[in-house]
Amino acid sequence: MSKEFETKILCIGAGYVGGPTMAVIAEKCPNIRVCVVDINKTRIDAWNSDNLPIYEPGLDEVVKIARGRNLFFSTEIDKEITVADIIFVSVNTPTKEYGIGAGKASDLQYWEKTARAIAAASNANKIIVEKSTLPVRTAEAMERVLNSNEKGLHFEVLSNPEFLAEGTAIDDLHNPDRVLIGSMETESGIAARDKLVGVYANWVKREKIITSNVWSAELSKLVANAFLAQRISSINAVSQLCEKTFADVQEISKAIGADTRIGAKFLNSSVGFGGSCFKKDVLNLVYIAESNGLSEVAEYWEWVVKMNEHQQNRFVKNIIRALFNTIAGKKIAMFGFAFKKDTGDTRETPALHVAQQLAQEQAKITISDPKAIDNAKIDLAGINGISYEIDPYKAAQDAHAIAILTEWDLYKTLDYAKIYKSMVKPAMIFDGRNILDHQKLYKIGFNVYRIGKTPLLHSETALI
Ligand SMILES: NC(=O)c1ccc[n+]([C@@H]2O[C@H](COP(=O)([O-])OP(=O)(O)OC[C@H]3O[C@@H](n4cnc5c(N)ncnc54)[C@H](O)[C@@H]3O)[C@@H](O)[C@H]2O)c1
């Protein structure tokens, strides 16, 4: 197998990170053989089909270029470990749900199982790359697990956290702000690091490849997500104040974002952040701080998550209050279920929390989303009063209210006059992403509730 390839890379874990990351490495490095393995056969079969297991703009094209040439997807984990020179580990590291640290710490069982599988199937030295997001000092534990083999083999552990964002993963991988590679500061650590730098240097400018010690690389990933989540919680905290004071959160974002010390990104106020990473990574940071006896540090970061939960609860309470304090039996159309646009991923989506709470109040909910309906059905299985409709016009028919939960571009250009006509009056719209033309909606006849702005209400029908 593969004698013609200069290097053989294996990635364990074919998820939202492993799949796209390896597809781009294969695309950009035709001399490297890249194989992605997973214990989930259905996922691997999908990677080998025309219907990839995740939706990501540009991913199909990249996979088409490299698959079968130097990119392979397989379930033969042991066989692929044996032939690989560099092994990325990109398995899931969810929040631990049991025992010590439950609800905050990272569950490392998948990582450790992978390390043991690598040690068992290897018969030569290898470089192991932490691609998963991990607590700081995981590399130490992993080195111990790996290097306790009785075959005299040496495994060099690097940390190369992934900073891609779902929805823009391919663009982020093609043009990263930076690539971070952490290594032990030993001769073999630096040699391994240089080898990985060489892989990325095939398409990333050298000055964008940052090297550091392995602990800084591990912790940087948690800190990056904590800072990003913190910006959203900060602007959301301000949004509530705006609603009380007639200030406008979007005007504030523009005014403060123009300050180059603050910067314009991640200042959109909304129903809250979601996704598989922010909450779990901030809570992991909280747990690490607590474990080190730093209770004030832990509490500081924990408020980022609490503010996010508050924002979601507030959104639901506003809907109930505006619909005359009872939503039992009323139809509410939810536009969007994915945690953000351009992905079908629904992990930790605010829409789930909103749907669950509305269902508890016995509303009839119709969920519409261009890519996430399959996942929504899994997330909401067993909850009464929920239906699914891909066509937003049909979803809104006979509804009392529309709630925008995901900022899909298509929702900006719908014919809201037509939608208004088909709804129960007074018709309400709750723009949880502040993406619609609110004045236009108001003129059509809607009562318009937005985030961080005074609602636009036809006073004879409205409750504030
Ligand atoms: N999703 C993101 O946007 C993102 C971004 C940056 C970093 N990360 C981090 O990357 C890691 C992976 O995230 P993801 O979103 O790709 O997760 P995912 O759940 O989509 O994928 C993980 C895959 O690993 C597989 N797996 C688990 N144990 C295995 C084993 N022992 N052997 C083989 N395969 C195994 C699972 O079957 C699954 O397909 C996490 O640590 C996450 O925090 C995620």
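How many helices and strands does the secondary structure of the protein come to? I counted 17 helices and 14 strands, taking helices (H or I, at least four residues) and strands (E, at least two) as DSSP runs numbered from the N terminus.

**Ground rules.** I worked on a predicted model, in which local features need pLDDT of at least 70, side-chain atom pairs count only at pLDDT 80 or more, and totals for chains, interfaces and linings use all residues. Residues are numbered from 1 along each chain as its sequence is written.

**Overall form.** I looked up the extent of the C-alpha trace and found about 80 × 50 × 45 Å along the principal axes. Of the 464 residues, 48% count as buried. I call a residue buried if 20 or more other C-beta atoms lie within 10 Å of its own, exposed if 12 or fewer, and partly exposed in between, with C-beta atoms placed from the backbone.

**Domains.** The domain assignment, automatic or from a database, gives domain 1 (7-204) and domain 2 (213-464). Their centres, taken over C-alpha atoms, are 32 Å apart. I found 31 residues of domain 1 in contact with 27 residues of domain 2, where contact means C-beta atoms, placed from the backbone, within 7 Å. On the domain 1 side, helix 6 (138-147), strand 6 (155-159) and strand 7 (179-183) each give two or more residues. Strand 7 has the largest share, four residues. That side divides into 17 nonpolar, nine polar and five charged residues. For these classes, Ala, Val, Leu, Ile, Met, Phe, Trp, Tyr, Cys and Pro count as nonpolar, Asp, Glu, Lys and Arg as charged, and the others, Gly among them, as polar.

**Ligand.** I listed 26 residues around the ligand, the closest being Gly 13, Gly 15, Val 17, Ser 132 and Thr 133; a residue is near if its C-beta atom, placed from the backbone, lies within 6 Å. Helix 5 (residues 109-121) gives the largest share of the shell, three residues. By class, the shell has ten nonpolar, eleven polar and five charged residues.

**Cores.** A nonpolar core is a set of buried Ala, Val, Leu, Ile, Met, Phe, Trp, Tyr and Cys residues joined through C-beta atoms within 7 Å. The largest has 72 residues, and Ala 355 is one of those that touch the most other members. Beyond four places in sequence, I found Ala 355 in contact with Met 334, Ile 365, Ile 367, Leu 380 and Ile 386. A second, separate core of 58 residues includes Val 24, Phe 88, Leu 173 and Leu 180.

**Helix 13.** Among the buried residues of helix 13 (residues 350-360) are Leu 352, Ala 355 and Leu 358. Their cover includes helix 12 (295-322), strand 9 (331-335) and strand 10 (364-368).

Most residues other than glycine have a negative phi, and most peptide bonds are trans. Phi of Phe 324 is near 65 degrees, and Phe 324 lies in the loop between helix 12 and strand 9. I class Phe 324 as partly exposed because 13 other C-beta atoms lie within 10 Å. The peptide bond from Lys 425 to Pro 426 is cis, with omega near -5 degrees.

Notes. Contact = placed C-beta atoms within 7 Å.
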